[in-house]
Amino acid sequence: MSQPTWTQDGYELVVGLEVHVELATKTKLFSASPNRFGDEPNTNIDPVTLGLPGALPVLNKYAVELGMRIGLALNCTVQPCTFARKNYFYPDMPTSYQISQYEDPLNIDGWLDLPDGSRVGIERAHMEQDAGKSTHVGGGEGRVHGAEHSLIDLNRAGVPLVEIVSRPDIRSPEQARSFVNELRAILLTIGASDAKMEEGSMRVDANVSVRRPGAELGTRCEIKNVNSVRSVGRAIEYEARRQILMLDAGESIRQQTRHWDEGDGRTHTLRDKEDADDYRYFLEPDLVPVMPSAEWIDAVRASLPMLPAARRTRLAEATGLAVDSEAIGSIVDRGQDDYAFAVHDAGGDIGRAVVHLKEAFAELGAEPALPAADLAGLTRLEVEGKLTATQAKTVVAELIEQGGGDAAAIAAAKGFEAMDTSELETMVDEAIAAQPDAWEKFRAGENKAMGALVGHIMKASRGQADGKLVTRILNARK
Amino acid sequence: MAQLGTASQIAAGVRSGSLKAADVLEQHLAAIGAREAEIHAFNHVMADSARQRAAAIDAMVVAGHDPGPLAGVPVALKDNMCTRGVPTTCSSKILAGWKPPYDGTVVTLLQQAGAVTVGKTNLDEFAMGSSTENSAFGPTRNPLDTNLVPGGSSGGSAAAVAAGFAALSFGSDTGGSIRQPAALCGVVGVKPTYGRVSRYGLVAFASSLDQIGPFTRTVADAALALQVVCGHDPHDSTSIPDPLPDYSALLERGVEGLRIGRITDLPAGADPDVAQRVEQAFEVLTAAGATIVDVEVPAFTYGLTAYYIIAPAEASSNLARYDGVRYGLRVDASDTNAMYSATRAAGFGDEVKRRILLGTYALSAGYYDAYYGKALRIRRLMAQDFAKAYEQADVLLTPASPSVAFPFGSKTADPFAMYLCDTYTIPSNLTGEPGMSVPFGTGRQGLPVGVQVLAPALAEPLMLQVAAELERAAAGLDQGGAT
């Protein structure tokens with residue numbers, strides 16, 4: 001199953017994403033200053049960060065390793081690579097050039113599989129240094145135009161980044177959001193980045209174009225300043241509609257960089273392609289090529305943990321749920337799938353465990369304080385028919401609150417006793433007698449008529465009857 | 001000069017206690033006092049800190065400690081080497097008054113070896129030039145004849161050793177900026193293999209070509225200096241990790257059995273007085289038992305052209321950081337872009353601007369392949385051609401400079417005439433191989449001629465071995481020369 005393609009007025013949407021992520025290193029890409037968010041401005045600096053005359057960059061090997069982890073997790077080929085200088089003037093870029101990878105990036109030709117089964121190609125994932133941060137104050141609403149002066153913080157300058165460039169394989173705003181979510185989950189799983197869009201450690205630019213299905217790619221616009229997963233979808237959708245309106249009005253799309261304004265929900269022209277800087281790329285003469293050995297690549301590959309997609313498949317197969325079901329997705333996102341298997345290993349029922357995890361464990365993190373064996377005990381009671389689903393929910397809440405305990409004892413203390421079957425059989429008789437029409441319809445094969453019968457029994461038992469057992473009895477009578 | 005002693009003699013004397021570093025320093029400071037106003041070798045003389053340092057070194061010796069292989073040797077540093085707390089200007093208005101917060105690796109190594117820094121020497125702005133006339137702080141004069149240039153860009157460092165202001169000095173060589181002024185001032189100047197000396201703390205002109213090296217009065221002093229400043233530096237990614245040889249080991253060996261290469265397709269342009277001395281150098285080496293072999297280096301001719309694409313291209317990027325934002329000169333203006341323009345227009349001299357424009361153009365979209373790309377191909381060809389030549393010859397001999405020292409202003413109106421000064425030195429910067437100039441007799445008006453010895457990568461001991469033989473032979477030459 002794949003995401004529906006977004007279409008409007010006979011146009012389809014084509015999106016490629018460029019995602020910058022800050023790497024979770026201790027130090028910067030080319031110097032020993034700390035890579036740390038939130039420190040006093042201009043404290044994590046040194047001659048290299050400041051771009052002082054005579055200072056030279058020295059590559060952080062661990063940053064390369066994290067870059068390789070990202071590439072390998074995205075099924076890329078890791079290759080010998082070089083660094084280049086991208087030349088431009090800006091006050092928060094101390095050397096007036098960014099050291100980046102241009103012709104020979106570390107990672108090329110990979111892909112990312114999304115939970116819905118669609119696949120998005122990865123063109124490259126290359127390494128580069130971040131710039132400093134400018135704050136424009138005194139008018140201009142935070143933009144440089146109209147500001148009285150600007151403050152520069154170079155703590156971020158030289159922080160290692162990996163830029164992940166997707167192929168233009170994305171066809172809907174939902175798929176773009178899913179790509180960002182899945183990428184974020186992978187980055188967290190492999191420990192490459194904390195990937196926080198709100199802190200800017202993950203930044204998404206979207207290349208958006210529209211076309212008639214099957215036609216050549218249309219002219220694209222690059223959308224910047226998209227600061228949340230929600231905005232990714234909104235910005236893409238707005239931009240697509242804007243382009244379609246222009247095309248339908250007989251206008252052509254100019255290749256532009258556009259700025260997403262969260263406030264008015266629109267994109268605005270930042271600059272036209274003709275005004276773009278000529279970056280005058282050339283090989284960075286202060287660095288030497290990086291030649292990752294086969295042994296190094298193999299060792300990094302072997303050290304990768306199980307990725308979210310594989311974990312979803314594993315949990316789906318163990319529970320019988322669909323791999324793209326909400327329960328599977330959210331439990332793996334929270335990293336609670338290992339816990340689900342621990343419940344299973346402690347003799348519990350993983351299917352029941354997943355129900356409780358999805359509902360009641362949202363805030364408990366990857367390693368819930370509640371011992372897996374205690375949850376296992378609860379699920380056993382459910383499977384044995386000693387607790388109804390509703391009762392079990394109450395007991396789980398109690399277990400979580402107490403940080404563990406004996407489910408059977410809690411159930412007993414709450415006065416939860418499983419009704420025996422004979423009691424239920426009597427209730428079924430009463431329900432059939434009370435709702436003869438429903439019973440006839442149900443017997444005739446109208447399964448939804450069962451709802452009225454079950455509802456009657458639940459009401460009579462004040463919610464204590466086991467719904468599954470009732471269904472079983474009703475089906476047996478049919 | 002002679003009574004001041006060589007670096008080797010000073011260090012030996014100070015280490016043994018027979019010489020006081022303080023006395024040695026005062027002799028050199030006296031020489032500075034007598035002639036610096038006329039010569040202007042220095043941007044900044046560090047008399048006070050040098051006196052403290054010399055006293056500390058003498059105290060170490062008294063206390064029984066060894067200050068190191070350059071104990072008490074007065075050293076001058078080209079003013080593009082970062083010295084903590086001491087102005088480092090690159091002879092540019094844009095860096096006037098800037099004091100680095102850190103020492104370059106070479107500066108640290110010299111301190112650890114017991115050297116005494118006497119000052120920072122003048123240069124062509126950002127090391128761009130061949131006469132030291134491009135300094136924002138006025139030219140340096142040749143100590144041998146103050147009507148003549150000392151060469152450049154390390155003219156201040158060459159003049160400092162020639163005038164006896166320092167026993168040892170350091171310059172940087174991007175296209176000949178050590179070897180050419182050494183030749184014009186009659187001293188020894190060495191450009192080591194690229195990567196042998198750390199560039200950390202050397203203000204970059206063209207990063208893939210820049211290399212620090214010494215000026216000395218003798219070849220033995222050059223070997224001593226290399227022993228101190230060469231070696232791997234983790235702060236410089238292009239630094240070579242190979243272990244260091246003993247640079248003095250072969251100095252006395254002679255040249256018997258060595259193959260000395262003569263480049264038959266060497267670009268023309270050397271003055272007759274210079275060419276005659278180079279011929280004589282081949283003769284004395286033959287007489288000492290070496291064999292002369294003819295080799296071809298077809299790409300040699302294209303070196304100057306390739307260099308004047310590659311070096312400005314890198315410079316255009318390296319010098320972009322002088323934007324008035326963080327340090328150095330700032331000329332205020334209405335907005336950021338106007339401030340950049342005003343600062344750089346006021347801060348850079350004409351030659352620097354010329355090269356930034358050249359380099360920016362060469363790297364521009366649409367021109368990259370035709371200029372920078374092609375220059376890189378010449379650079380690869382150059383390496384191949386030299387590799388072939390070194391299959392036939394152990395070292396190569398050429399003039400270091402096409403001419404002896406020339407008068408002020410004689411080439412400033414024609415940048416290309418000035419660029420031709422580096423015809424013979426540029427190829428070894430493009431290949432990264434070592435080269436040195438050794439004084440070998442005199443030419444026109446009794447001015448010194450430098451013979452250049454070129455060698456394969458890391459073959460400095462062999463290069464020094466041949467230079468030492470030329471030095472011994474030079475002592476016996478007729479000093480008249482052609483007129």
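This is a predicted model: local features need pLDDT of at least 70, side-chain atom pairs count only at pLDDT 80 or more; totals for chains, interfaces and linings use all residues.
View 1. The side chains of Arg199(B) and Asp286(A) meet in a salt bridge, at 3.1 Å from N to O.

**View 2. The extent and composition of the interface.** In contact, meaning heavy atoms within 4.5 Å, are 31 residues of chain A and 39 residues of chain B. The two chains bury about 2,600 Å² between them, 58% of it on carbon and sulfur atoms, the buried area being the accessible area (1.4 Å probe) that two parts lose on being put together, summed over both. On the side of chain A that touches chain B, 22 residues are nonpolar, five polar and four charged, with Gly counted as polar, and Tyr, Cys and Pro among those counted as nonpolar.

View 3. In chain B, 11 strands (DSSP runs of E, at least two residues) form an open sheet of mixed pairing in the order β1-β3-β2-β4-β6-β5-β10-β11-β9-β7-β8, two strands being paired if DSSP finds at least two bridges between them. The edge strands β1 (42–45) and β8 (291–295) of chain B each pair on one side only. Helix α2 (residues 21–39) of chain B (a DSSP run of H or I, at least four residues) packs on the sheet and touches β1, β2 (74–78) and β3 (116–121) of chain B.

View 4. Strand β6 (residues 107–113) of chain A pairs in the antiparallel sense with strand β3 (residues 77–78) of chain A over two bridges, and the bridge partner of Thr77(A) in β6(A) is Ile108(A). β6(A) also pairs with strand β7 (residues 119–129) of chain A, in the antiparallel sense, over six bridges. In the hairpin of β6(A) and β7(A), which has five residues between the strands, Gly117(A) takes a positive phi near 95 degrees.

**Conventions.** Residues are numbered from 1 along each chain as its sequence is written, and chains are lettered from A in the order in which they are written. Local features need pLDDT of at least 70 and side-chain atom pairs count only at pLDDT 80 or more, while totals for chains, interfaces and linings use all residues, and side-chain values use heavy atoms, with hydrogens and water left out.

Technical notes:
Axes are lines fitted to C-alpha atoms, for helices over the stretch in contact, and angles run from 0 to 180 degrees between N-to-C directions. A salt bridge is a side-chain nitrogen of Lys or Arg within 4 Å of a carboxyl oxygen of Asp or Glu.
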